[in-house]
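Open the model in your viewer and keep the selection panel handy. We will go from one selection to the next, with a word on what is there each time.

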Amino acid sequence: MIADLTLAIAHHVLVFGLAVMMATELARLRPGLAGSDVARLARLDAGYGGTAGLIIVIGVLRVIYGVKGYAYYLHNPWFWGKMATFAVIGLLSIPPTIAFLRWRKAQALEAGFAPPDSEIARIRRFLVYQMALLVLVVALAATMARLG
Ligand code: HEM
């Protein structure tokens, strides 16, 4: 019971952390990004990736050591819907990560480099889609916990 509670607390804190990082990335990703903003975005994005990794680790531990037992989840379509949606979020997070790394490299090679506004707008869309899907993940999480 204590393990289940501890894992549930960690899971919720990490999920809230992920949502805050996503929103902060979106808020910082504005046309006219200055030099140091790109480095800050890349660092934030690395934190976002690390947090997502921890969510997977804690999530798997919840499946294995949670009070309901792993069989509850393995036969639960809502659980698999949640996993699939989370995987799509992971895929949608790849283009922004590549862009931030590319921009940092361009800054190192060319003094005064600034990402074009059109590209910033394109990358913002990936973050907006991720945030929309995160809402769906939360809805699927609540459903999977109740309809097994
Ligand atoms: C961003 C991704 C994720 C979000 C937003 C999320 C969100 C949530 C939320 C809000 C709950 C509480 C549901 C409730 O009790 O009403 C929950 C429970 C849970 N999550 Fe996640 N989760 C995520 C990723 C994962 C992953 C990757 C796994 C497994 C690999 C996982 C496994 C679980 C388990 C086992 C529970 C317990 C459900 C129960 O009480 O039966 N989660 N999640």
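## Around the ligand

Start with the side chain of lysine 68: one of its N or O atoms is 2.5 Å from an oxygen atom of the ligand. Keep in mind that this is a predicted model.

Then pick arginine 146, which has an N or O atom of its side chain 2.7 Å from an oxygen atom of the ligand.

Now select the whole shell. How many residues surround the ligand? There are 22, and the closest are His11, Lys68, Tyr73, Lys82 and Arg146. Colour the shell by class and you will find 15 nonpolar, 3 polar and 4 charged residues. If you also run a pocket display, the space taken by the ligand is the largest pocket.

## The iron atom

Zoom in on the iron atom of the ligand. Which protein atoms are its donors? They are NE2 of His11 and NZ of Lys82, lying 1.8 to 2.0 Å from the iron. The two link distant parts of the chain, with histidine 11 in helix 1 and lysine 82 in helix 4, 71 residues apart.

The 6 donor atoms subtend angles of 88 to 177 degrees, so the arrangement is octahedral. For reference, the ideal angles for six octahedral donors are 90 or 180 degrees.

## Out to the helices

Switch to a cartoon and select helix 1 (2–28), helix 2 (35–65), helix 4 (77–92) and helix 6 (117–146); each supplies at least two residues of the shell around the ligand. Helix 6 gives the largest share, 8 residues.

The cartoon has 6 helices and 0 strands, in the order α-α-α-α-α-α along the sequence. Along the principal axes, the C-alpha atoms fill a box of roughly 55 × 25 × 20 Å.

Technical notes. Residues are numbered from 1 along each chain as its sequence is written. This is a predicted model: local features need pLDDT of at least 70, side-chain atom pairs count only at pLDDT 80 or more; totals for chains, interfaces and linings use all residues. Side-chain values use heavy atoms; hydrogens and water are left out. A residue is near a molecule or strand if one of its heavy atoms lies within 4 Å of it. A polar contact is a pair of N or O atoms within 3.5 Å; within protein, one must be able to donate a hydrogen and the other to accept it, and residues adjacent in sequence count only if both atoms are side-chain atoms. On a 1 Å grid over the protein atoms alone, a cavity is a set of points where a 1.4 Å probe fits but cannot get out, and a pocket is an open set with protein on both sides within 12 Å along at least five of seven lines; lining residues have an atom within 4 Å of a point. A molecule sits in a cavity or pocket if more than half of its atoms lie within 2 Å of its grid points. Helices (H or I, at least four residues) and strands (E, at least two) are DSSP runs, numbered from the N terminus. Ala, Val, Leu, Ile, Met, Phe, Trp, Tyr, Cys and Pro count as nonpolar, Asp, Glu, Lys and Arg as charged, and the others, Gly among them, as polar. Donors are N, O and S atoms within 2.8 Å of the metal (3.2 Å for Na, K and Ca); water is not among the atoms, so sites may look incomplete. Four donors count as tetrahedral if all angles lie between 85 and 135 degrees; four count as square planar and six as octahedral if opposite donors are over 155 degrees apart and all others between 65 and 115; anything else is irregular.
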